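Biologist: I've got a new model open and I'd like a quick tour. Can we go through it together?

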Amino acid sequence: MKRLLLMLPLLLCAASAADLQIRFLNVGQGDAVLVTTPDGKSMLYDAGRGTTAAQLLKRYGVKQLDLAVMSQGDADHIGGFEAVAQQFKPRAVLNNGLAKSTQTYARVLAAFEQAGSQGLRATERSINLGAQVKLQVLPALGVPKTNQNANSVGVLLSYGSFKVFFGGDAEPVTTKGWAQRYASQLRNVQLYKALHHGSKHNDTLEFLQLVKPEMVVIGVGKNNYGHPSSEALAVYKMVNAQVFRTDLNGTVTVSVKPDGSYTVTAEQGLGTQKTTRTTTPAPTTPAPTTEVYFRNCAEARNAGYTNIKRGESGYRSAMDRDGDGVACER
Ligand SMILES: [Zn+2]
C-alpha cells in the first residue's frame with residue numbers, strides 16, 4: 001500500500017509531462033498564448049497588457065521562457081512582456097522588426113535587453129521548441145511596413161500531425177500572402193487563434209476555408225470595438241469550427257497527446273459554447289490549476305470526481321439532478 005502511494009505522484013507527473021499544452025491565457029482584451037512542450041520548453045506568443053500574463057506563467061509553473069514572440073507592436077499584445085521579461089528571462093525574442101514610438105514599446109524592449117534575450121527577426125525560418133515541436137515563422141509578405149496589424153508575425157506550430165496557427169492581428173492582405181506562399185503547410189490546422197480578437201475586418205472565409213480549423217480561440221475581454229464581431233463568428237461557424245472565448249471561458253487549455261488526440265479544458269467551463277465536434281476524446285484529469293469540465297457524471301466519476309459542490313471545478317447544474325447544489329453524489 002505504501003508503495004502504491006509513493007508511485008501515484010510519479011504517475012501523475014508522467015501523464016501530464018507527455019502532453020503538449022497550449023493555453024490561451026485570460027488577460028482581458030488582448031492576446032497571450034503559452035505553449036509548453038512535453039520536454040519542458042516554453043513559448044509565449046504575446047503577453048496582453050499589464051502583469052496578468054506574468055502571474056499566470058508563474059501559476060502554470062514556468063521558470064524560464066525559451067521564446068517570446070511579439071506578434072506586433074501594439075500594447076494589447078506586448079504590454080505584458082515588461083513583467084514577463086523581468087521574471088522569466090526569455091532566451092530569445094522574435095518580432096516583426098517594425099519599431100513603434102510608444103513608451104510601452106520602449107519599456108518592453110529595455111526589459112528584454114536587461115533579461116539578455118537574443119533578438120530574432122521574423123524572417124522565413126524554423127525554430128525547434130524542444131525535440132518534438134517545430135515552429136515555422138511566417139513573416140508578412142509584400143505588406144507596407146507601416147501598419148503593425150498587417151505586419152503581424154505568423155507562427156505555425158506542429159507536433160506530430162497536430163497543427164496550431166497564430167496570426168496576431170493580421171489583415172486580409174497578410175493572410176492572402178500567407179495563403180499564396182504557405183498553402184500546403186496551412187491546410188487543415190486543428191487549433192487556430194482568431195485574428196484581431198474576432199474583429200470583422202480580419203478573418204476571411206477564404207483564409208478559414210484553407211486553414212479549416214477544428215477549434216478557434218478568441219483572445220478577448222471587455223472592449224468598445226465590438227469584438228468579437230458577428231461577422232467573424234459567422235465565418236468560424238461556416239467552417240464548422242468550435243469556438244472558445246477567453247471572455248466567456250476564461251483561460252482555455254488544449255492538451256495534445258503524442259498520437260494527436262487532444263482535450264480542451266477551460267477555467268470557467270466550456271458550457272457557454274455548443275459542442276459540435278465529436279473528435280475530442282474524453283477529458284482526462286487535468287492539472288489541479290485548471291478548471292475541469294465533464295459531459296456527465298460517469299465521466300466525472302471516471303476521473304475521480306464525486307460530490308462536486310456548486311462553485312467547485314467540474315460542477316454543472318445539468319449534473320445536479322436534484323438541484324441540491326451537489327453534483328454526481330456518491
Ligand atoms: Zn490586438
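Biologist: Is H197 buried or exposed?

Modeller: H197 is buried, because 26 other C-beta atoms lie within 10 Å. The cut-offs are these: a residue is buried with 20 or more other C-beta atoms within 10 Å of its own, exposed with 12 or fewer, and partly exposed in between, with C-beta atoms placed from the backbone.

Modeller: Two things to keep in mind. Residues are numbered from 1 along each chain as its sequence is written. The model is predicted, so local features need pLDDT of at least 70 and side-chain atom pairs count only at pLDDT 80 or more, while totals for chains, interfaces and linings use all residues.

Biologist: Ok. Where is H197 found?

Modeller: H197 sits in the loop between β11 (191-193) and α7. Helices (H or I, at least four residues) and strands (E, at least two) are DSSP runs, numbered from the N terminus. The phi of H197 is positive, near 55°, and H197 is not a glycine.

Biologist: And what is phi for K212?

Modeller: Near 40°, again a positive value in a residue other than glycine. K212 lies in the loop between α7 and β12. K212 is partly exposed, since 15 other C-beta atoms are within 10 Å.

Biologist: Which peptide bond is cis?

Modeller: The one from H227 to P228, with omega near -10°. P228 is in the loop between β12 and α8.

Biologist: Let's move on to α8, then. Which of its residues are buried?

Modeller: In helix α8 (residues 230-238) they are A232, V235 and Y236. They are on the same side of α8 because they cover an arc of only 100° around the axis, the arc being that of the directions from the helix axis to the C-beta atoms.

Biologist: What do those buried residues pack against?

Modeller: Against α7 (205-211), β12 (215-218) and β13 (242-245). Contact here goes by C-beta atoms, placed from the backbone, lying within 7 Å of each other.

Biologist: Which exposed residues are on the face turned away?

Modeller: S230, A234 and M238. After α8 comes N240, with a positive phi near 60°.

Biologist: New topic: how many residues are in the largest nonpolar core?

Modeller: It has 80 residues, and L44, A53 and V84 have the most contacts inside it. Helix α5 (residues 103-115) gives the most to this core, with 6 residues. A nonpolar core is a set of buried Ala, Val, Leu, Ile, Met, Phe, Trp, Tyr and Cys residues joined through C-beta atoms within 7 Å. A second, separate core has 8 residues, including C297, Y305, I308 and A327.

Biologist: What is V84 in contact with?

Modeller: Leaving aside neighbours within four places in sequence, V84 contacts L44, A47, A53, A54, L57 and A68.

Biologist: Which residues of α2 and α4 meet?

Modeller: A53, A54 and L57 from α2 meet A83, V84, Q87 and F88 from α4. By class, that contact has 6 nonpolar, 1 polar and no charged residues.

Biologist: At what angle do the two helix axes cross?

Modeller: The axes of α2 (residues 52-59) and α4 (residues 81-88) cross at roughly 35° and come within 7 Å.

Biologist: Now the sheet. What order do its 8 strands have?

Modeller: It is an open sheet, ordered β6-β5-β4-β3-β2-β1-β14-β15, with mixed pairing. Two strands pair if DSSP finds at least two bridges between them.

Biologist: Which strands stand at the edges?

Modeller: β6 (118-121) and β15 (262-266), each with a single partner strand, so one side of each has no neighbour in the sheet.

Biologist: How do β2 and β3 pair?

Modeller: β2 (residues 33-36) and β3 (residues 42-45) are antiparallel, over 4 bridges. L34 is opposite L44 in β3.

Biologist: What about β7 and β8: how many bridges join them?

Modeller: 5 bridges, with β7 (residues 125-129) and β8 (residues 133-138) running antiparallel. Their hairpin has 3 residues between the strands, and G130 there takes a positive phi near 75°. β8 also pairs with β9 (residues 154-159), antiparallel over 6 bridges, and V133 stands opposite Y159 in β9.

Conventions
Axes are lines fitted to C-alpha atoms, for helices over the stretch in contact, and angles run from 0 to 180 degrees between N-to-C directions. Two residues are in contact if their C-beta atoms, placed from the backbone, lie within 7 Å. Ala, Val, Leu, Ile, Met, Phe, Trp, Tyr, Cys and Pro count as nonpolar, Asp, Glu, Lys and Arg as charged, and the others, Gly among them, as polar.
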